[in-house]
Amino acid sequence: MEERARTAAEAARAKSGDSEALQRNYVTPGLSGQPITTVDSSKAFTPNLACQKTATLMEVLVQPASSGDLASVQIARDTDFDGTVDSRINLPVPVSGICANGVISCQPGTWNQCNYFRWDMDTARNLKLTQVDMPQLAGCYCINNSCGTNLAWGNMASVLGDLGGGMIGALTTADPRIGVAQAVIDGPSIRYVGAQSTACTSDPSLAQTAYRANPGALADDAFAAASSNQVFQSLSGSPVGIGTAQQLRHCTIERQVTVVKSGIDDIITRTSGGYSTIKSGKAVDFYLGSPSDNSLSGGSCRLFDFKMRLHVGDSDRIVDARLAEYFADDWGQIRIDGTLVASGPTPWTSTGFPPSGCEKKKTFYVYPNLDLKPWLTPGDHEIWLRVAVGEGGEGMARVHVEVDASCRTVEQLVDQCGPIAADPKCRVDSEMVDGVQTFRGGINTGLRPLPQTRLLGTEACPVSLTRDYFQKDRTYRCAIDSTSLPKPDTSRGTYIIDHSTETILADRARQGDGSFAESTRPFSLPDRGSVPACEPICKTRAPRVNTAAAPAGVVGSLQNNPTAYDRFYHACGSDNVCPTGPGEEIVSACGCLDDCPEAVVMMQTVRLGGADLVCTGTVR
């Protein structure tokens, strides 16, 4: 039995072990109406998988010029599958570079004055070139003399395959009925054998391809199919499906946003004392004291107190707060909430009279620019100016405050789903995120909304806010205890799993009278034989010049060394010899190779290579 299985496996592998074998043994003969043999080659049959077949679906003939560009590209097609070529076109531009979905045409022999073209179809379903920006093309590389000599002739097979592949991609996208059976390269030409498959209809708009145009319909159709499917309904109606009572619970996760515009008075205001408040744009000055010359009469020495109360409503919006200036004739002190912060003309720290005679015969002016922001916390604060006057004098202090009066948003997530989600008996049944259904019937639809941008606030205070989502509407399906519905009995399976071993199968069956009968019997698996530790593979590499193209130009021209290597992995045969290709050298001989770390690094490099490396002002 084992030998028969191995023989069958080898025969199947010979027929479909790789993509070339699959195409040779099944795809090409199946689409072109040729015989297909069974796995053991004992029987043959001719399938009829296509409505119409043609020996030449499309043929592309190229002619490289001395500049390395493809000076001539001729395309011949059999558009109606009658076996006769009925369409011939010549590209109107030389081809300097080839992309997976288009071509690049530059000044011959250079990478200057380049234009970028994508393969498209016109209304008559003929191939045409549409001029686009380069980011709309993919997998581009250079073939003319600006990147190296003789690139097109030296790599004719890959050039034809890439050039024709872009054309076939545009053709099959526009008409999904068409299938390509075979591609044959003959010198500077490539010929595609094709068939009309998928649907025998003259209309290329097929119901079978509707999901490509409207992927969102897939979830709805899947739900409808499940509801009418007998297998699905049988499972839903089984003891496991109906043995638990369930309850639907709805909840929302909402992002609540409030737009706040604060005026200066909302941030800081003078509630008492002082003699003037002057606003200028986003700044305000508070004055206290008696600034007029000799407006204070002190006799031999007298103390005058001036107090101003400031109320701070939003300290976070105070950008800067300073004791901008003060002056006095003769002495002055500034206190905030009773704490001395400045005095003059010489230090005066006590609450009593100055340390020397009051009369100074002059007015002193100070511009300390002292930072008062640490004192201006939310609430009320007292600014106190004390002036000591001998004979006649005056005093004044000015507090300068700059505020941020711009529109701001205050947001919070109101999560009403938290308690339900924490219940292990509940699972998400459906979810709508900003109108996009992400779950349906407990199944992830794979859809996600794009980041939403909303204009909030009023006309006088508009705010544009972008977030991943603003509201989630969820419905959870929760299992609840119910005495009316019997719970499914899984105790027998649990007993078998818990008590059986690799050599003994234990069982416990319920008898007619309700009792249990336990039993054991020997259990063993047949000898599975020995198998190789792995499929031996080898790793090779072949040098190549980097001719890849990007919007900034040919990549190789920006590198110190444009020469790189293509790496290949080959499955080794029974002789354990590495089947190297043309120009390849062996890097790792046949064996159990483990290049998983290298593969992870490569995939991470590709992923990060697609990340935005340029800070731009717009979304791109």
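This is a predicted model: local features need pLDDT of at least 70, side-chain atom pairs count only at pLDDT 80 or more; totals for chains, interfaces and linings use all residues.
**Charged pairs and an open helix**

Once neighbours within four places in sequence are left aside, Arg474 is in contact with Arg249, His250, Cys251, Ile253, Cys417, Ser430 and Glu431. Two polar contacts involve its side chain: one of 2.6 Å joins it to the side chain of Glu431, and another of 2.9 Å joins it to the side chain of Tyr476.

Side chains of opposite charge can pair when their charged atoms come close. Because Arg398 lies in strand E24 (residues 395-403) and Asp285 in strand E16 (residues 283-290), the pair ties together parts that are 113 residues apart in sequence. Both Arg398 and Asp285 are buried.

Another salt bridge is formed by Arg492 and Asp507, with the closest N and O atoms 2.7 Å apart. This pair links distant parts of the chain, since Arg492 is in helix H11 (residues 491-499) and Asp507 is in strand E32 (residues 504-510), 15 residues apart. Arg492 is partly exposed, at a relative accessible area of 45%, whereas Asp507, at 18% relative accessibility, counts as buried.

Glu585 and Arg541 also form a salt bridge, and here the closest N and O atoms are 2.5 Å apart. Glu585 lies in strand E38 (residues 585-591) and Arg541 in strand E34 (residues 537-545), so that the pair ties together parts 44 residues apart in sequence. Glu585 is partly exposed, with a relative accessible area of 37%, and Arg541 is likewise partly exposed, with a relative accessible area of 24%. Elsewhere, salt bridges that share partners join Arg255, Glu411 and Arg467 into one network.

Helix H12 remains to be described. Helix H12 spans residues 596-609, has 14 residues, and reaches 20 Å from its first C-alpha to its last, which is close to the 20 Å expected at 1.5 Å a residue. Of the 14 residues of H12 the number buried is zero, and the helix therefore lies largely in the open.

Definitions and conventions: Residues are numbered from 1 along each chain as its sequence is written. Side-chain values use heavy atoms; hydrogens and water are left out. Helices (H or I, at least four residues) and strands (E, at least two) are DSSP runs, numbered from the N terminus. The expected span of a helix is 1.5 Å times one less than its number of residues. Buried means under 20% relative accessible area, exposed over 50%, partly exposed in between (1.4 Å probe, protein chains only). A salt bridge is a side-chain nitrogen of Lys or Arg within 4 Å of a carboxyl oxygen of Asp or Glu. A polar contact is a pair of N or O atoms within 3.5 Å; within protein, one must be able to donate a hydrogen and the other to accept it, and residues adjacent in sequence count only if both atoms are side-chain atoms. Contact means heavy atoms within 4.5 Å.
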